[in-house]
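Here is a short briefing to keep beside the model while you look around. Have the sequence and the 3D view open, and take the topics in any order you like.

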Amino acid sequence: MNIAFIAHDQKKDDIVQFVTAYEEVLKSHTLFSTGTTGTRIMENTSLQIHRFQSGPLGGDQQIGARIADNDMDCVIFFKDPLTAQPHEPDITALIRLCDVYSIPLATNMATAEILLRGLERGDFQWRDVVKEQKQGEKNT
Ligand SMILES: O=C(CO)COP(=O)(O)O
């Protein structure tokens, strides 16, 4: 599965801790992130992450574009609800696209934990079916 990780500054320690705890599960997936979040994760784990731009510089929008292309299966976004972000419209747009395309999105650690346990159990297999269908539509 293609999984994107994003964390606001006040949540970066949390996401590093979270990803470290699930490193064994995550290493068999393809991982993406916004710029600084990815750097922090790679500094603290042995995971390889495809890093987009930093969030305020367009990283959220780049992940959104992958969702619109049906090329992202899960988004783990540790949002900071107590700090205003200069790129709030980008954040809103990313969350909206997850809803438009029914992409599983966790915006806090408790939900992220449930999503990754589901991932371990194979609960994301329906995404392969959706991707095959969309590919079939493109080819016709
Ligand atoms: O601001 C962010 C998401 O909205 C996160 O971006 P960084 O990972 O580059 O800090």
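The notes below go from the sheet to the annotated residues and then to the ligand shell.

This is a predicted model, in which local features need pLDDT of at least 70, side-chain atom pairs count only at pLDDT 80 or more, and totals for chains, interfaces and linings use all residues. Residues are numbered from 1 along each chain as its sequence is written. Helices (H or I, at least four residues) and strands (E, at least two) are DSSP runs, numbered from the N terminus.

- Five strands form an open sheet: 5 strands in the order 3-2-1-4-5, with parallel pairing. Strand 3 and strand 5 (105-106) are its edge strands, each pairing on one side only.
- Two strands count as paired if DSSP finds at least two bridges between them.
- Strand 1 is joined to strand 2 (residues 30-33) by 4 bridges, and the two run parallel. Across this pair, Ile 3 stands opposite Leu 31 in strand 2.
- Strand 1 also pairs with strand 4 in the parallel sense, over 5 bridges. Here Ile 6 is opposite Phe 77 in strand 4.
- Strand 4 (residues 74-78) in turn pairs with strand 5 over 2 bridges, again in the parallel sense, and Val 75 stands opposite Leu 105 in strand 5.

**Strand 1 under cover**

- A residue is buried if 20 or more other C-beta atoms lie within 10 Å of its own, exposed if 12 or fewer, and partly exposed in between, with C-beta atoms placed from the backbone.
- Strand 1 is mostly covered, as 6 of its 6 residues are buried.
- Asn 2, Ala 4 and Ile 6 point one way from strand 1, while Ile 3, Phe 5 and Ala 7 point the other way.

**Annotated residues**

- UniProt positions use the numbering used here and feature names are shortened; annotations may be inferred rather than shown by experiment.
- In an unreviewed UniProt entry, the annotation "binding site" covers His 8, Lys 12, Thr 34, Gly 35, Thr 36, Thr 37, Ser 54, Gly 55 and His 87. For "active site", UniProt (unreviewed entry) lists Asp 60.
- Two residues are in contact if their C-beta atoms, placed from the backbone, lie within 7 Å. The contacts given below leave aside residues up to four places away in sequence.
- His 8 lies in the loop between strand 1 (2-7) and helix 1 (12-21). His 8 is buried because 21 other C-beta atoms lie within 10 Å, and it touches Phe 78, Lys 79, Asp 80, Thr 83 and Gln 85.
- Gly 55 sits in the loop between strand 3 (49-51) and helix 4 (59-68). Gly 55 has 27 C-beta neighbours inside 10 Å, so it counts as buried. Its contacts are Ile 6, Thr 34, Asp 60 and His 87.
- Asp 60 is found in helix 4 and counts as buried because it has 29 C-beta neighbours inside 10 Å. Among its contacts are Ile 6, Thr 34, Gly 55 and His 87.

**The shell around the ligand**

- A residue is near a molecule if its C-beta atom, placed from the backbone, lies within 6 Å of it.
- The residues around the ligand include Ile 6, His 8, Thr 34, Gly 55, Asp 60 and Ile 91.
- Helix 3 (35-44) and helix 4 each supply at least two residues of this shell, and the largest share, 3 residues, comes from helix 3.
- By class, the shell has 3 nonpolar, 8 polar and 1 charged residues. Ala, Val, Leu, Ile, Met, Phe, Trp, Tyr, Cys and Pro count as nonpolar, Asp, Glu, Lys and Arg as charged, and the others, Gly among them, as polar.
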